[in-house]
Each structure stands twice: as C-alpha cells, then as structure tokens.
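Please look over the chain below with its fold in view.

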Amino acid sequence: MLLRHIRYFLAVAEQGNFTRAAEVLHVSQPTLSQQIKQLEETLQVELFDRSGRRVQLTDAGQAWMRYARLALQDLDAGKRAIQDVATLERGNLRLAMTPTFTSYLIGPLVDGFYRRYPGITLNIREMTQDKMEALLCDDQLDLGIAFEPVHSADIAATRLFTERLQLMVGKGHQLTKHRAALNVAEVQQVPLVLLNGDFATRHYVDEYCQQHAIHPQVAMEANAISAIVEIVRHGQLATILPQAIARDNPLLLPIKLSVPMPERHAVVLQRKEGYRSAASRALIAMLQDQVKEMG
C-alpha cells in the first residue's frame with residue numbers, strides 16, 4: 001500500500017464519483033480505477049459500491065476511511081516535522097481566531113512575530129469557534145485562539161487571559177455625563193448597536209440580558225467590529241464589546257455598570273497529540289508575553 005492509494009481512496013469517497021475524483025487528483029479515470037482496485041486487493045475487501053449513479057462507501061470502506069484520514073494527517077505532520085527548522089529561519093504556521101481578537105490582539109502579535117521570525121509565513125484566518133475546532137481536528141490548522149468552553153474532546157486548550165465585556169460609547173454620547181454606574185433598568189433604555197448572532201460575543205450579551213431580565217434596545221446589528229466602532233464613535237448608539245477595544249481606542253469611553261458584564265476566558269487551541277512545530281511554540285510564547293504586557 002502506497003501513500004497515493006490513501007489519497008485516491010479519500011478523493012473518491014469525498015467526491016462520490018470516479019470522474020470528479022480523477023479531475024481533482026489530475027490523473028486519468030482508468031488510472032484512478034486501477035489504483036483503487038489494487039488497494040481493494042491489498043485489503044481483500046470492496047471499499048466502494050459502484051452499482052448506483054453515485055459511488056458509495058461499503059461498510060468496510062466506512063470503517064477504513066477514519067483510519068485513512070488519520071494516517072494521512074500523521075504523514076502530513078511528519079512531513080512538516082522534517083521541514084521544521086528549530087532556528088525558525090523558515091516555515092509555515094496556520095493560525096485562526098474568532099473575530100473579536102482581530103480588533104485588538106492580532107496586530108501587535110503579528111508585527112512582533114514577523115520582526116523576530118521574518119522567515120515564517122503566517123496564514124491567518126478569522127472564523128467561528130466550531131469551524132476552528134473542526135479544522136484543527138482535521139489538521140488543517142496549527143493553532144486557534146478562541147474562548148472556553150471547548151466543544152471537541154480532541155482539542156487541547158491552554159488558558160491565556162480573562163476578558164470582560166463592557167458597555168461603551170463615543171465621546172459625544174450623552175452617557176459620558178452620567179457619573180454614577182448604570183443599573184440594569186437604565187441599561188435597557190440605551191439604544192445599542194451589537195454584533196449579530198454569528199458572534200460568540202453576542203451570545204454572552206444575550207445571556208447577560210436574560211439573567212438580569214433586561215430587554216435591550218437593539219437599534220442596529222453588524223457583522224464587523226470595525227463597523228460598530230465607527231458607528232459608536234460618530235453617533236449616539238452604544239455598544240457592548242471587550243474592554244480591551246475601548247482601552248486601545250481613545251475615542252471610545254467605557255460606561256460603569258452596577259452589575260458588571262460577564263467574564264470569559266481566552267484560550268489557545270491545538271489538536272491533542274498533534275505535532276507542535278517550533279513556529280507554533282514560538283507564537284504561543286510570544287502570545288503569552290503579550291498577554292502579560294496587556295496586564
């Protein structure tokens with residue numbers, strides 16, 4: 001059995017069609033069919049049911065696919081391990097994070113990492129935590145930055161820092177004249193622009209409101225933190241975002257609340273038992289140093 005047998009098998013399983021799989025693999029269909037036949041002869045089972053219009057995995061094929069994927073992941077990790085250079089003069093690192101981190105954490109982190117390790121290519125993606133965990137499990141990411149709790153048993157989490165959400169307004173907002181802390185009844189009188197339901201931050205806000213029987217005035221929703229910051233800076237809407245965003249933006253002012261917003265724990269995510277490259281270890285160390293400086 002060769003590595004190409006595993007790749008060919010997985011391509012046919014994913015495409016459900018020999019012709020499409022051959023196109024993806026850039027081989028001829030007869031060649032692909034011959035290679036799959038060789039694999040079935042080696043394993044002494046039929047892996048595919050070819051009787052219908054769509055090629056289906058047999059029970060044996062279903063059972064073997066999980067191990068084929070794991071084998072391919074381990075082989076790819078081994079390839080990266082060979083290419084990994086302890087001096088960090090070259091290499092690649094695949095990093096993902098949930099959207100709120102892109103507004104205050106990623107800039108200094110990437111700048112510092114590039115200055116120290118210019119030979120390392122960073123591939124940075126913004127996505128939901130569910131998708132991040134799935135890609136980590138499939139070995140399509142090296143690291144993720146998200147929040148507890150972690151949903152997959154195959155993901156290891158290392159706590160970074162504790163973050164609190166904060167009600168904040170622009171400098172021209174009328175609440176800047178309010179010296180006392182707002183109580184929950186006053187909070188629900190404040191028109192808000194919030195992240196939409198695709199963001200974990202919004203779920204924390206909604207949970208806070210439910211716990212304290214608040215019916216917030218959501219005047220506007222957005223799917224980008226940068227847009228919300230601009231709306232709040234120049235208008236009369238308030239928002240609820242991580243404290244660090246107000247701290248890093250002098251045109252946003254935090255508003256005290258009698259019942260503080262919830263805390264959440266930021267974590268670095270990695271696949272359990274996955275290969276830890278020198279680049280990933282270096283970025284985690286730099287991230288931990290940055291968190292200490294954030295105080």
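Strand β5 and strand β11 (residues 263–271) run antiparallel and are joined by four bridges, where strands are DSSP runs of E with at least two residues, helices are runs of H or I with at least four residues, and both are numbered from the N terminus. This is a predicted model, in which local features need pLDDT of at least 70, side-chain atom pairs count only at pLDDT 80 or more, and totals for chains, interfaces and linings use all residues. Residues are numbered from 1 along each chain as its sequence is written, and side-chain values use heavy atoms, with hydrogens and water left out.

**Partners of β5**
- Two strands count as paired if DSSP finds at least two bridges between them, and A146 has V267 of β11 as its bridge partner.
- Strand β3 (residues 91–97) pairs with β5 in the parallel sense over three bridges, and M97 is bridged to I145 of β5.

**Burial of β5**
- Five of the five residues of β5 (residues 143–147) are buried, so the strand is largely enclosed by the rest of the structure; buried means under 20% relative accessible area, exposed over 50% and partly exposed in between, with a 1.4 Å probe and protein chains only.
- In a regular strand, side chains alternate between the two faces of the sheet.
- Both faces of β5 are covered, with L143, I145 and F147 buried on one side and G144 and A146 buried on the other.
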